[in-house]
Amino acid sequence: MPELIALHPTPTPTPRLPAAAGARAFAQRIARLAVRSLYAELVLYPKPGLVSLVDNGSHADMTAATFMRSMFALRRYFLDITQAGVDDAPFHALKRLGIDAEARMLRATAGINTHRGAIFCLGMLCAAIGRCRARGVPLTAAAVQAMLLQCWGHALGAHSIDAGAASNGAQARLAYAASGAREEGARGFPSVFAVGLPALRRTLAEGRGMREARIDALFALMAHISDTNVYHRGGIEGALSVRRRARAFVACGGTASPDWEARALACHRAFVASRLSPGGAADLLGAACLLQAVTVN
Ligand SMILES: CC(C)(COP(=O)(O)OP(=O)(O)OC[C@H]1O[C@@H](n2cnc3c(N)ncnc32)[C@H](O[C@H]2O[C@H](COP(=O)(O)OP(=O)(O)OP(=O)(O)O)[C@@H](O)[C@H]2O)[C@@H]1O)[C@@H](O)C(=O)NCCC(=O)NCCS
Ligand SMILES: Nc1ncnc2[nH]cnc12
């Protein structure tokens, strides 16, 4: 997969596509950008408790290779769900694609959940981006979010109160009143649009690089979201500790601080010692990277 070679790819924004590019070529391009965004998240380091090319963070059962296999298995899904958005598919059709993608991910990883949150979040964003394209709406972040809520907001609301399987997320919601991925979706992924993406753009606007921008976005997300993966592994104490440490990193200026790398590394070591893993924030970072690559503002 040659487009996955660059460590910190900065894909061309879609508005620069030739006007004659058809919907299929558009969907293929969005699918490539979705996989690249997941790759950008994977290779980012240091990410507290998370798997990267450097180490496996707090995880005993997954490595970077597990994530790579998962990404390869999801290429077709991102193409299909973008196309489904172009075709104005109803939510039940998107849900079918999501369920099939989860099954492919689990086959590719021998049963390990690498990207369930990403399948949901980036998948819905791909559909909304496809819908914008079909309606000739310029690809701004605000337009993508508005399209998502306009087309599938009602169904996403119903999905958020659907009990679903006895997942780790469902248990965290019951035990700690944690909100998690379903509520994020029902509200149009506000953490991606109002926290992750603005943090990415702010750091870039301040003249720092893509790596720094992604680190700042990840910490901003960790400081803000209700990550059911963190609740599942660390309970209320773990969730408070993740939020406290992330807020401290942000309050010190994030990557504007000269010693940010040492701070991020100390946080990584502390999370590994407590087995904490902010997997939900990692997925939302992937989503913010996709929007950064696709949207004009
Ligand atoms: C709506 C679904 C995402 C299902 O959600 P639910 O909460 O019911 O179920 P979970 O299986 O827990 O999946 C939620 C995943 O979402 C990520 N996440 C957590 N918090 C948030 C948040 N605040 N915002 C967004 N995303 C969030 C998180 O993904 C990461 O965690 C993974 C590891 O989790 P886990 O399996 O618990 O693994 P371990 O810690 O290793 O636990 P053990 O193995 O030790 O027990 C990590 O890889 C990240 O991906 C949660 O996993 C959605 O799945 C759904 O509805 N599916 C059906 C298909 C569908 O309808 N799709 C809609 C159209 S696309
Ligand atoms: N890099 C990562 N490590 C652990 N869990 C994750 N979920 C999504 N990305 C992840």
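Analyst: One term before we start: a cavity is a set of grid points where a 1.4 Å probe fits but cannot get out, and its volume is the space filled by probe spheres set on those points. Also, keep in mind that this is a predicted model.

User: Okay, how many cavities of 30 Å³ or more are there in the whole structure?
Analyst: The search turns up 2. The largest cavity has a volume of about 50 Å³.

User: And which residues line the largest cavity?
Analyst: Its lining is made up of Met222, Ile225, Asp227, Val230, Ala239, Val242, Arg243 and Pro278. Helix H10, residues 228-251, supplies the largest share of that lining, with 4 residues.

User: What's the split by class in that lining?
Analyst: You get 6 nonpolar and 2 charged residues, with no polar ones.

User: Switching topic: what surrounds ligand 2?
Analyst: Glu41, Lys47, Leu50, Val51, His59, Phe67, Thr114, Gly279, Ala282 and Asp283 do. The protein covers 97% of the 270 Å² of accessible area that ligand 2 has on its own.

User: Which helix gives the most to that shell?
Analyst: That's helix H12, residues 279-294, which puts in 3 residues. By class, the shell around ligand 2 holds 4 nonpolar, 3 polar and 3 charged residues.

User: What about Glu41, how far is its side chain from a nitrogen of ligand 2?
Analyst: An N or O atom in the Glu41 side chain sits 2.8 Å from a nitrogen atom of ligand 2.

User: And Val51?
Analyst: There the backbone is involved: one of the N or O atoms in the Val51 backbone is 2.9 Å from a nitrogen atom of ligand 2.

How values were computed: Residues numbered from 1 in each chain as written. Chains lettered and ligands numbered in written order. Predicted model: local features only at pLDDT ≥ 70, side-chain atom pairs only at ≥ 80, totals over all residues. Heavy atoms only, no water. Near = heavy atom within 4 Å. Polar contact = N/O pair within 3.5 Å; in protein donor to acceptor, adjacent residues only side chain to side chain. Areas by Shrake-Rupley, 256 points an atom, 1.4 Å probe, with all protein chains shown as cover. Helix = DSSP H or I, 4+ residues; strand = E, 2+ residues; numbered from the N terminus. Nonpolar A, V, L, I, M, F, W, Y, C, P; charged D, E, K, R; others polar. 1 Å grid on protein atoms, 1.4 Å probe; cavity = no way out; pocket = protein on both sides within 12 Å on 5 of 7 lines; lining within 4 Å.
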